[in-house]
Amino acid sequence: MIEWSHWLPILAMLPLVGGALTPLLFRHRPAAACFWAVSVASVTSVVAIALLLRLVDSGGFSYAVGGWLPQYGIELRMDEVGAFAVPASLLVLLSLVFSRHYVARAVDASRVSFYYALVLINLGGLNGFLVTGDLFNLFVFMEIFSVSAYALVATAREPIASLAALKYLLLGAASSLLVLFSVGVVFAMTGTLNLEDAAAALALSSPMPAGLALAGLATGFAVKAALFPVHFWLPDAHAAAPAPVSAVLSALVVKAGIVGVLRTLELFGGAESLLQPLLHLVVWLGALGALGGALMALVQRDIKLMLAYSTVANIGYIFIGLGLATASAVSGAMVHAVNHAVIKSALFLAAGAMIHRTGLRNIDDLRGLGRRMPVTAFGMAFTLIALSGAPPMAGFTGKWQIALGALQAGHPSLVAVLVIAGIVVLAFGIRVINALYFRPPARVAVASATEAPASMWLPVLMLTIASLALGLAGTPMLEFVGPAAQSIYGTLP
Amino acid sequence: MNRRRAGRILTAVLIAALAVPLMYGMVQLPAPGHADAPAHTNVSAGYIERGAELGGSENLVTGVLLNFRALDTFGEVLVIFTAWLAVAAVAGTASNAERDPVPPSPVVDYVIRLLGPFIAIFALFVIVNGHVLPGGGFQGGVLLGAMLILLSLVMDAETVARAVSARSWIWLRATGVLVFAMVAVMGLPLAGYLFGLPDEPGLRQVLTVALELGIGIGGGAVLAGLFFAIAGADRS
Amino acid sequence: MKIAATALSHVDYLVAVALFLTGAWILLTSGNLVKKVIGLNIMETSVFAFIVTTGMIDGGAPPLVAPGDPGPFASPLPHALVLTGIVVAVSVTSLALVLILRVRAEFGSVELDEIALSLAAGDTAEQSERHGSADD
């Protein structure tokens, strides 16, 4: 047992130290920096997969960092939520492969090693955040991935990137402060920082200061996850960032906010009277986000802005599922978090490949690109349909389960919301597909474009295949997260 | 600007609406200062009772930082290194040229040059005594950084930045991360767990001081680097 | 009477709340980016003050536990947390300042109103450029 659990801190340390070493070793060798980053991310993925297999094999396990008792030291643990480290590591790996040619043009050569370092550190922060069982440690890892994410947005050359990054930073830092404040409240009430200990103590405590901590944590993580109405930092930041960074941010960094919400729910699982009003609120905010995000995506001209608004919509779906608090809705939401991560990174990478080849980012300008960049365009068309939730692809599982949960919970109106949002998503998907395949090129850059290099289309193709495979694997995934959903909420109907 | 005024009124209402539940909730927390509050009776009591003996530092804050909650401190060292990476990756390509053309008065110049070595010695003292006296790696690192920034004010940021080669600066800035990672891995054979410090007091002492030195030097170099980047003197 | 007594015993927390809201006000209403960062810093300070106060103990000594010293000692944990928090705050602030420098280099201002004007002007310039070279 002991030998296995030692890999748990390594899951986070490996990319963190590997990232810190990148500029030390490869400051003047961008190609070597890329190779190094890809290697580190590969090894991290292997570690993550090994830990996942162990989890499936013999259940969750924990690690006492430094050998101290959980309350006195820091406890790391591997559970079904921590298993998100596997898609996180793999998606970062594919984004790094994609970055090889993309970043060579999008970022100054002297800064390329910093770029790779920041991506690896971002992954390390995410992995640590996913597996920690300690409230303050959660904050520390959150800051690691947040600070690197703010900087990654600003590595883009466009003037607007610095403004978008600053907006993201100010909101992100304020939301982190809410989390830190709540950590302080929980500590003052319970005298411990271990999640399980604190949860046990909070279940017995008076509602008011605990409600303050709950509100702070929920608001803080909702900002990180871009739940409506605190989503407004997201479209600019995700659209302005370099494409592989957009993929990582939309697929993983906003999902960390969701994971934060799950950890918060775990902390207050025993305090049901506090939780109920919050969950109701979250359902309706999620519904507004799903509708509003989809509609905003429909009217965008910039393809990356369209994808960014669609992320707002999908975060809305996930929050509907979390708020409904029925077994199928919660597991549906958790599965959708993974599936959306795969689909959205495929879309952002495909859009990045198109922008890389043509220099154009307006959907109307990309007309006719389907013939010129067949693989990339196919990946984008396929994953756009998957995004709308068409069976049997990956978008379907989660949305279907959330809709089932809405019916169980007695909210048929939410099913209507889901259906309408799905139709809107299909509408903008068809708009892009129509432009790519059924319209003649209007721009010289499109007419003379050729397929992107293999380092770009291969990740897109792999993610496209994954978006089908994960759709087919819907049932095992739901069975896998089921127990976690039960244990986070206590018991679910 | 009517719109701005409406925004201000709305914000004022929002903040007032926030103030009520915040204050109401905060007064229901256990009052600060009482020894029977959970913040003192739970984990803290354990630290105070046996922390010095088990953690190896009479200064319990250092014990918590470097031993009990070492992973947090590793993350902290990493955050500040990341901040420098971020600043180096983002800082404008255009130099922020408008520097103060007026040189500081000779008195200021002389006093800072005179104080420099004393600040450095004090910083070192704070770093290596962090386990018995108030202080430690970060505190000493801040002193080192402040010394470098003070010197940049009277000399020129670029002169100070050039005192060490760009390559060495990067390694200095990463000292904290690298030393911490090495000590963390050594914990596996020595204490049986990653981030563990050995029970043998002499060796534990050596590793503690090594950690503090790494954090102090790395922290000071990063703080100076942040200043250089903002002052436009970072040509790395 | 009872309310006053409770408020008095929790005055440290109430001051932290007041400071927090002051910072939030500056962050939300100021049009100047540097002032927004200052507002954020005031909020951070208030949270640090709050957390460090939870570890305070009346008549307590700093947690430097020499053998034979009976105490009481302040709790060491909040100190360690706040030290970490301060380092994070320094990191975020420095990154924010560098981003502001870049915004200023690109838009010529740190005032949001003026940046919005410059963005609007840039948009029209970009559009006319696009119309001029629609067939490139």
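Helix H7 of chain A, which runs over residues 159-190, has a length that can be checked against its residue count: at 1.5 Å a residue its 32 residues should span 46 Å, and because the end C-alpha atoms are 47 Å apart, the two values agree. The model described here is a predicted one. Most of this helix is covered, since 30 of the 32 residues of H7(A) are buried. After the helix comes A:Gly191, a residue with a positive phi near 75 degrees.

The largest nonpolar core holds 337 residues, and the residues with the most contacts inside it are A:Val153 and C:Leu95. To this core H7(A) gives the largest share, 22 residues. Setting aside residues up to four places away in sequence, C:Leu95 touches A:Val147, A:Tyr150, A:Ala151 and A:Leu169 in chain A, together with B:Ala83, B:Ala86 and B:Val87 in chain B.

In the contact between chains A and B, chain A takes part with 47 residues and chain B with 43 residues. On the side of chain A, two or more residues come from each of helix H2 (7-26), strand S1 (61-65), helix H5 (112-131), helix H6 (135-154), helix H7 (159-190) and helix H9 (207-225). H6(A) provides the largest share of that side, 11 residues. Sorted by class, the residues that chain A turns to chain B are 32 nonpolar, 13 polar and two charged.

Chain A also meets chain C, with 23 residues of chain A in contact with 25 residues of chain C. Here H6 and H7 of chain A each supply at least two residues, and H7(A) gives the most, with 15 residues. The side of chain A that touches chain C consists of 20 nonpolar, two polar and one charged residues.

Chain C itself has five helices and zero strands, so that its pattern along the sequence reads α-α-α-α-α. Of the 136 residues in chain C, 43% are buried. Among the contacts within chain C that link residues at least 6 apart in sequence, 45% join residues at least 24 apart.

A:Glu143 belongs to helix H6 of chain A. A:Glu143 and A:Ala173 are separated by 30 residues in sequence, while their C-alpha atoms are 8.6 Å apart in space.

**A pair of packed helices**

Two packed helices are described by the angle between their axes and the distance between the axes. In chain A, helix H14 (residues 327-358) and helix H21 (residues 474-489) pack at an angle of about 115 degrees, and their axes are 8 Å apart. The crossing of H14(A) and H21(A) is right-handed. H14(A) contributes A:Ala327, A:Val330, A:Ser331, A:Met334 and A:Val335 to the contact, and among the residues contributed by H21(A) are A:Met477, A:Val481, A:Gly482 and A:Tyr489. The residues of this contact divide into nine nonpolar, three polar and no charged.

**Backbone features in the loops**

Most residues other than glycine have a negative phi, and most peptide bonds are trans.

| Residue or bond | Backbone value |
|---|---|
| A:Phe228 to A:Pro229 | cis, omega near 0 degrees |
| A:Pro391 to A:Pro392 | cis, omega near 5 degrees |
| B:Phe195 | positive phi near 70 degrees |

A:Pro229 is found in the loop between H9 and helix H10 (234-240) of chain A, and A:Pro392 in the loop between helix H16 (374-387) and helix H17 (394-408) of chain A. A:Ala325 sits in the loop between helix H13 (303-324) and H14 of chain A, and A:Ala325 counts as buried because it has 23 C-beta neighbours inside 10 Å. In chain B, the loop between helix H9 (166-191) and helix H10 (201-231) holds B:Phe195, which likewise counts as buried, with 30 C-beta neighbours inside 10 Å.

Notes: Residues are numbered from 1 along each chain as its sequence is written. Chains are lettered from A and ligands numbered from 1 in the order in which they are written. This is a predicted model: local features need pLDDT of at least 70, side-chain atom pairs count only at pLDDT 80 or more; totals for chains, interfaces and linings use all residues. Two residues are in contact if their C-beta atoms, placed from the backbone, lie within 7 Å. Helices (H or I, at least four residues) and strands (E, at least two) are DSSP runs, numbered from the N terminus. Ala, Val, Leu, Ile, Met, Phe, Trp, Tyr, Cys and Pro count as nonpolar, Asp, Glu, Lys and Arg as charged, and the others, Gly among them, as polar. The expected span of a helix is 1.5 Å times one less than its number of residues. A residue is buried if 20 or more other C-beta atoms lie within 10 Å of its own, exposed if 12 or fewer, and partly exposed in between; C-beta atoms are placed from the backbone. A nonpolar core is a set of buried Ala, Val, Leu, Ile, Met, Phe, Trp, Tyr and Cys residues joined through C-beta atoms within 7 Å. Axes are lines fitted to C-alpha atoms, for helices over the stretch in contact, and angles run from 0 to 180 degrees between N-to-C directions. A crossing is left-handed if the near helix is turned anticlockwise from the far one by less than a right angle, and right-handed if clockwise.
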